[in-house]
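Let's look at how two chains sit against each other. Have the structure open while you read.

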2 protein chains.
Amino acid sequence: MAKKTKSALEEKKGISISEITNSASIKSIKAKRKAEVDIDTLIASILNKDITALSRAITLIESKNPKHLEKANTIIKACLPYANNAIRIGITGVPGVGKSTFIEAFGKHLTTLGKRVAVLAIDPSSTITKGSILGDKTRMEDLVKDDNAFIRPSASGDSLGGVARKTRETIILCEAAGFDVIIIETVGVGQSETTVHSMVDFFLLLKLAGAGDELQGIKRGIIEMADAIAINKADGDNLKKAKLAKAEFSRALHLYPKKSSNWQPKVTLCSAIQNEGIDAIWDIILEYVEVTSKNNYFNTKRNEQNKFWLIQTIEEQLKSDFFNTPKIKKELKKQLRLIETNQTTPFAAADYLLKLKHTIT
Amino acid sequence: MAKKTKSALEEKKGISISEITNSASIKSIKAKRKAEVDIDTLIASILNKDITALSRAITLIESKNPKHLEKANTIIKACLPYANNAIRIGITGVPGVGKSTFIEAFGKHLTTLGKRVAVLAIDPSSTITKGSILGDKTRMEDLVKDDNAFIRPSASGDSLGGVARKTRETIILCEAAGFDVIIIETVGVGQSETTVHSMVDFFLLLKLAGAGDELQGIKRGIIEMADAIAINKADGDNLKKAKLAKAEFSRALHLYPKKSSNWQPKVTLCSAIQNEGIDAIWDIILEYVEVTSKNNYFNTKRNEQNKFWLIQTIEEQLKSDFFNTPKIKKELKKQLRLIETNQTTPFAAADYLLKLKHTIT
């Protein structure tokens, strides 16, 4: 259990038991007070860098129980003023590129520097299989044992949008809990990179030397999103190939139009397993933060990301509200049949359904 | 003016003037009757292949006047049972590829075969500049003079979605007016190809030999959409290069996964200016129609397109309804400021705005 803090207890001073006469009221108030104390305590403990409290709060965020979500929202709101101070780093690369080994080496490097590191994951496949790329924590043995590291497997959910929301909210709690660096891992498939890219400050793409883009399953768009490409496993016999790949990617990156960040994406070599080149990647990130803080791109990007998530959430909800209305579902089928038999057009059918929705809300 | 038809006049028989006493009523009924006669006449004339009536009806579709749109909807509904019988062909290619010359040669070939051909255009730039790629009709001198051809410049509009709707509705009227082939031209930029692809049966990509994809400004996705690629200007000194390009594209097309149409996209050579290879393209289209009619893909695709436009129209309208609500506009700005100052999250702001919308509708 999270320990109680002074401030959280003091807030309860105003209520005097003798004022209450009705026993049901007493029961209800006691229950409410208990819940409130729990939430207040939890918030205070999170701000006090208590990992257990942080974990409990994230579980509330991930819950499907509306009461839990209400509590989660209270916690998030209380944590917000203390958030926004970490560097958020997205890391992607196809399976086999050595992401887990890299994150362990990178995370250890940061904790050695005195940083506190949280590792989260976005895994679209987990929405189907309920599995998780970080579920197998044994892949990051050293980091798991590190007191300054916090590893949380991917939230599962019905949609990438849902998972994304939970991850974004988890970032806020981690930042309020004093983590300096938030790493968000994603597998190199589906829409997950775009989702991660829209919630991080810096996007790192891990690659292997010698494997073509097709073989690595990396879409062209992913390379455009990268602020740095690290060619991993650049060791032993691989080193020569890796150096060639570095030159190639550098050339390729220069062909893209200059980013509005004024940041020229960098290509670098590393060997996570040999712990080589890891420090250089952290230096690149620090340089990025310096450059983009100076030209104010850092904050502009965060504001744009917030706006994106606001609009995105509203649009998803509007669609889901509409198409999940039972009467609309039924009438949509009817209208589709009318379209198929040339009795109406898609546009007239849309107008009809939109008008119908207005009459039932 | 469109000539009156028997059936349209007969519908008016039931009303007797002597029944009306109030003079305002008489005026209103006379006006209404006049409008009704106009619409009925217009419909009958369209079905009677009257081009002037068709043009007038399209002008109603393109109007921003709600009364005109109401009339347009009546006409479309009446025309629907007579639509759906033409072959709809999308044609794209970057400026300079010779689209106008090609469409003229192709259109003339079809009218020579006794077909009636309508040429429409989707031009996203026209939504901004109010210009039109078909505005300069002089580029299709011979086709313009052909009684069996109908050329209509791109509708202008505030959004590609709006232009698309107008074009889709225009297709219905053209089909009801007995056109056998509907050609929809688009410039090779922006989202217009995807839009055209979603409203045609067959998608033809015009290319030039020797120019790389980058130079031709063609996105990879466009090639995937093509049912045939015609390499234009395959004449004189260009012929050898064109043949090489044909082999290259054929190889490239074979690398794509087989389409659900079971149709293997074809590559062919043509010279619109020399009128060579044009007949072969029409043969390819006829073969496509035969193959996809047999395996029922032809109709399945049209149904899917209808469903796409239904869903698309609803989603666009939901968003526009929401974000154009004055109170939402105002509160959205406030919420964005609260997000920027860490007083709320994008998700909490979205929830707030969605709830607010419910209270004002």
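## How the copies are arranged

Keep in mind that this is a predicted model.

## What touches what

On the chain B side, 43 residues are in contact with 43 residues of chain A. The pair buries about 3800 Å² between them, with 72% of that on carbon and sulfur atoms. B:Leu310, B:Asn342 and B:Phe347 lose the most area in chain B, together 19% of what that side buries.

The copies meet through the same surface, since 100% of the interface residues of chain B are also interface residues in chain A.

## Charges and polar pairs

There are four salt bridges between chain B and chain A. One of them joins A:Asp351 to B:Arg165, with the closest N and O atoms 3.1 Å apart. Six residue pairs across the two chains are in polar contact.

## Who supplies the surface

In chain B, the elements giving two or more residues to the side that touches chain A are α4 (66–79), α8 (160–176), α13 (297–323), α14 (326–340) and α15 (346–360). The largest share comes from α13(B), with 15 residues. Sorted by class, this side of chain B has 21 nonpolar, 10 polar and 12 charged residues.

Conventions: Residues are numbered from 1 along each chain as its sequence is written. Chains are lettered from A and ligands numbered from 1 in the order in which they are written. This is a predicted model: local features need pLDDT of at least 70, side-chain atom pairs count only at pLDDT 80 or more; totals for chains, interfaces and linings use all residues. Side-chain values use heavy atoms; hydrogens and water are left out. Contact means heavy atoms within 4.5 Å. Buried area is the accessible area (1.4 Å probe) that two parts lose on being put together, summed over both. A salt bridge is a side-chain nitrogen of Lys or Arg within 4 Å of a carboxyl oxygen of Asp or Glu. A polar contact is a pair of N or O atoms within 3.5 Å; within protein, one must be able to donate a hydrogen and the other to accept it, and residues adjacent in sequence count only if both atoms are side-chain atoms. Helices (H or I, at least four residues) and strands (E, at least two) are DSSP runs, numbered from the N terminus. Ala, Val, Leu, Ile, Met, Phe, Trp, Tyr, Cys and Pro count as nonpolar, Asp, Glu, Lys and Arg as charged, and the others, Gly among them, as polar.
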